[in-house]
Amino acid sequence: MDGFSKFLKIVLLVLVFPILSLTLLNVTGEVYGADADSGKKVYQKYCVICHGAKGDGKGLMDVIHRNEKSGLIWSIYPRDLTVGTFKFRTTATGCLPDDSDLMKIIKEGIPRSGMPSHEDVSKKEREDVIEFLKTLSPRWEEEDLCDVIIAKKPSWVGSADSVMKGEKVYKDMKCWECHGNEGKGDGSKANDLKDDWGDKILPFNFTTGTLKRGSSPENVYLTFTTGLDGTGMPSYEDSLKEDDRWHLVSYTLKLMGKVK
Ligand code: HEC
Ligand code: HEC
């Protein structure tokens, strides 16, 4: 008998206790952490109409915008999330975005693209849908995450001197090949650009448009620094010094009519 109760105690300690605690952990994990199963429901409610059941961008909505420029039709489609390429990151080119990047996109939406803001969706639901989104592309399992780049704006951004230096960088780096000499998005390459998803894409027109990433100088800086992966808009993190990238911000703000 004695031996048997010892045996029972050991069984309890070795088997039952770990199983019990794992189950408890799992339950609390579901209650307090972000979770992909709940995220799938959020996705089906708010996102599936555009991004499609498989996340491949082939939802009922199909094409969202059809613009015409110089006789060419330009269409915007909801993103194929199965490829795992993201434009608006605070991470280096080629990297996956940080959770905070996805949170920003889902909360604020993307101007000029039809991707709506989901401010009315609760924070927990947004966190869950981010976890679900990570099940759509194998990149999330295969790759390590990259460091977040922090934009620290120098006080001279927007000054006349900095605008002048930025104009030189704009010329030297040939931004005009795509964005045009006056930033109207009509450079010599502008009509032949395709994005990684095979669709026609137009360079940003600084004189009219609202910035997709958001209009603060920091957001503009991040666009040059990280590039917009999948769009042909390159990263200048390696080819331009930090100060030059900030001068470029000054010139961009000037082209956009935000500084004199
Ligand atoms: C009305 C259609 C529509 C709905 C609804 C929609 N999206 Fe989008 N989404 C788009 C379009 C269009 C783009 C591509 C924008 C671009 O490339 O400029 C996009 C892009 C994205 C991106 C890529 C951002 C990047 O940095 O490249 C993510 C992530 C995303 N959507 C997530 C979601 C989630 C999550 C939901 C639901 C909560 C959602 N979307 C709902 C249309 C939609
Ligand atoms: C090969 C063509 C190409 C070159 C070169 C290029 N861009 Fe772009 N750029 C693009 C395209 C295409 C987009 C639009 C991406 C989109 O709408 O998703 C863009 C978008 C932008 C945006 C808008 C981002 C937003 O939030 O909406 C800015 C700002 C910008 N480019 C600045 C520059 C500057 C400055 C240079 C030079 C240092 C440059 N680009 C070089 C193609 C290019």
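**Entry 1: helix α5 and its cover**

I began with what lies over the buried residues of α5, and the cover includes α2 and α4. For contact I used C-beta atoms, placed from the backbone, within 7 Å of each other. A residue is buried if 20 or more other C-beta atoms lie within 10 Å of its own, exposed if 12 or fewer, and partly exposed in between, again with C-beta atoms placed from the backbone. Helices are DSSP runs of H or I with at least four residues, strands are runs of E with at least two, and both are numbered from the N terminus. In α5 I found Glu125, Asp128, Val129, Ile130, Phe132 and Leu133 buried.

A note on the source: this is a predicted model, in which local features need pLDDT of at least 70 and side-chain atom pairs count only at pLDDT 80 or more, while totals for chains, interfaces and linings use all residues. Residues are numbered from 1 along each chain as its sequence is written, chains are lettered from A and ligands numbered from 1 in the order in which they are written.

**Entry 2: α4 against α5**

Two packed helices are described by the angle between their axes and the distance between the axes. I looked up both for α4 (residues 99–108) and α5 (residues 123–133): the angle is about 115° and the axes are 10 Å apart. The axes are lines fitted to C-alpha atoms over the stretch in contact, and angles run from 0 to 180 degrees between N-to-C directions. Which residues meet here? From α4 come Asp99, Leu102, Met103, Ile106 and Lys107, and from α5 come Arg126, Val129, Ile130 and Leu133. I sorted the residues of this contact into six nonpolar, no polar and three charged. In this sorting Ala, Val, Leu, Ile, Met, Phe, Trp, Tyr, Cys and Pro count as nonpolar, Asp, Glu, Lys and Arg as charged, and the others, Gly among them, as polar.

**Entry 3: alanine 34**

Next I went to alanine 34, in the loop between α1 (2–32) and α2 (36–46). Is alanine 34 buried or exposed? It counts as buried because it has 20 C-beta neighbours inside 10 Å. Leaving out residues up to four places away in sequence, alanine 34 touches Glu127, Asp128, Ile130 and Glu131. I also checked alanine 34 against lysine 123: they are 89 residues apart in sequence, yet 10.0 Å apart in space, C-alpha to C-alpha.

**Entry 4: the cores**

I then looked for nonpolar cores, that is, sets of buried Ala, Val, Leu, Ile, Met, Phe, Trp, Tyr and Cys residues joined through C-beta atoms within 7 Å. The largest has 20 residues, and Tyr170, Tyr221, Phe224, Trp246, Leu248, Val249 and Tyr251 have the most contacts inside it. At least two residues of this core come from each of α7 (160–172), α9 and α10. The largest share, six residues, belongs to α10. A second, separate core of 18 residues includes Ala34, Phe88, Ile110 and Phe132.

Proline 217 sits in helix α9. Beyond its neighbours within four places in sequence, proline 217 is in contact with Lys153, Val157, Val249 and Leu253. I put proline 217 down as partly exposed, because it has 19 C-beta neighbours inside 10 Å.

**Entry 5: the two ligands**

For the ligand shells, a residue is near if its C-beta atom, placed from the backbone, lies within 6 Å of the molecule. Ligand 1 is surrounded by 25 residues, the closest being Cys47, Cys50, Lys87, Ser113 and Met115. I found at least two shell residues in each of α3 (48–51), α4 and α5. The shell of ligand 1 divides into 18 nonpolar, four polar and three charged residues.

Ligand 2 has 26 residues around it, and Cys175, Cys178, Lys212, Arg213 and Met233 come nearest. Here α8 (176–179), α9 (217–226) and α10 (242–255) each give at least two residues. This shell holds 16 nonpolar, five polar and five charged residues.

**Entry 6: two positive phi values**

Most residues other than glycine have a negative phi. I noted a positive phi near 65° at arginine 112, in the loop between α4 and α5. Lysine 174 also has a positive phi, near 60°, and lies in the loop between α7 and α8. Lysine 174 counts as exposed because it has 12 C-beta neighbours inside 10 Å.

Key
Two residues are in contact if their C-beta atoms, placed from the backbone, lie within 7 Å.
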